[in-house]
Amino acid sequence: THEETMTGDFYLKPAEKEGDGDGDEKENSMDSKGKKKKLNNVWESKSPPRVKLQLRYSFSRLGEMASHWNPEPAPPVPDPKFEIDLLYKNLKILLINIGPIINFFYAIYMVLLWDDPYYSAWITFCFVVTCFHPWALAVFIQGWLIYYTLTKYVAYAWKHAHTNEIEAKLPESRISSAALSEPPPEE
């Protein structure tokens, strides 16, 4: 913890009073002999009165670091004007992006129904093993990623390897839509 001291001078100025219109009044006080004496007004002196304040505080490096985690709030921004086109655009983005989330919960629902017993048993086995050995979660996730990557690669490779064979087996009129769109040659 570090301690620091800050010192500051503050010059005072008279507060504007709403007077009763009596003009300049000097405060009176009683001296030790019981006589009234007039006090000098501090505002009539050549230099204005001054207050010297001293602030002593302590701070720690950890506290200073943590203060950066809570930044000052941004100034308020007025709400944009309502536009129906923007609403439809944002709704379309939401509906496109919510699909995988819905599919995930649907897959969980199908596991709970035991729609595919082998798949449901495999998921249940992975869950139980992960409960007893938490390190196994990383192994299962990596195994699933390898399986997913290989499945997609095999599907991609098969599609591109067999595309020419499939097109060769089709009749001439069904080879491509580009061939259909061309006008027949004139004889």
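Colleague: Trp 122 first. Is Trp 122 buried, partly exposed or exposed?

Modeller: Trp 122 is partly exposed. Its relative accessible area is 47%. Bear in mind that this is a predicted model.

Colleague: How many aromatic pairs does the structure hold?

Modeller: Four aromatic pairs. In one of them, Trp 122 pairs with Phe 140.

Colleague: What's the geometry of Trp 122 and Phe 140?

Modeller: Edge-to-face. The centres are 6.3 Å apart, and the planes make an angle of 85°. Anything over 60 degrees counts as edge-to-face, so that label applies.

Colleague: And which parts does the pair tie together?

Modeller: Trp 122 sits in helix 4, while Phe 140 belongs to helix 5, which covers residues 136–169. The pair therefore links parts that are 18 residues apart in sequence.

Colleague: What about Thr 130? Where is it, and what does it touch?

Modeller: Thr 130 is in helix 4 as well. Thr 130 contacts Leu 137 and Phe 140, leaving aside residues up to four places away in sequence.

Colleague: Is Thr 130 buried or exposed?

Modeller: Buried, at a relative accessible area of 19%.

Colleague: Switching to Ser 120. Where is Ser 120, and is it buried or exposed?

Modeller: Ser 120 lies in helix 4, which runs over residues 117–132. Ser 120 is buried, with a relative accessible area of 1%.

Colleague: What does the side chain of Ser 120 reach?

Modeller: The backbone oxygen of Val 111, at 3.2 Å.

Colleague: Which residues does Ser 120 touch?

Modeller: Met 110, Val 111, Trp 114 and Asp 115. That leaves out residues up to four places away in sequence.

Colleague: Next, helix 2 and helix 3. At what angle do they pack?

Modeller: About 35°, with the axes 4 Å apart. Helix 2 spans residues 84–97 and helix 3 spans residues 99–113.

Colleague: Which residues make that contact?

Modeller: From helix 2, Leu 95, Ile 96 and Asn 97. From helix 3, Gly 99, Pro 100 and Ile 101. Of the residues in this contact, four are nonpolar, two are polar and none is charged.

Colleague: Now zoom out. What's the secondary structure of the protein?

Modeller: Six helices and four strands. Along the sequence, the pattern reads β-β-β-β-α-α-α-α-α-α.

Colleague: How much of the protein is buried residues?

Modeller: 4% of the 187 residues. The accessible surface is about 18,500 Å², and carbon and sulfur atoms hold 62% of that.

Colleague: Last one. What share of the contacts comes from residues 24 or more positions apart?

Modeller: 58% of the contacts with a separation of 6 or more.

How values were computed: Residues numbered from 1 in each chain as written. Predicted model: local features only at pLDDT ≥ 70, side-chain atom pairs only at ≥ 80, totals over all residues. Heavy atoms only, no water. Helix = DSSP H or I, 4+ residues; strand = E, 2+ residues; numbered from the N terminus. Buried < 20%, exposed > 50% of the residue type's maximum accessible area, 1.4 Å probe, protein only. Polar contact = N/O pair within 3.5 Å; in protein donor to acceptor, adjacent residues only side chain to side chain. Contact = heavy atoms within 4.5 Å. Phe/Tyr/Trp six-rings, centres within 6.5 Å; stacked < 30°, edge-to-face > 60°. Axes fitted to C-alpha atoms, helices over the stretch in contact; angles between N-to-C directions. Nonpolar A, V, L, I, M, F, W, Y, C, P; charged D, E, K, R; others polar. Areas by Shrake-Rupley, 256 points an atom, 1.4 Å probe, with all protein chains shown as cover.
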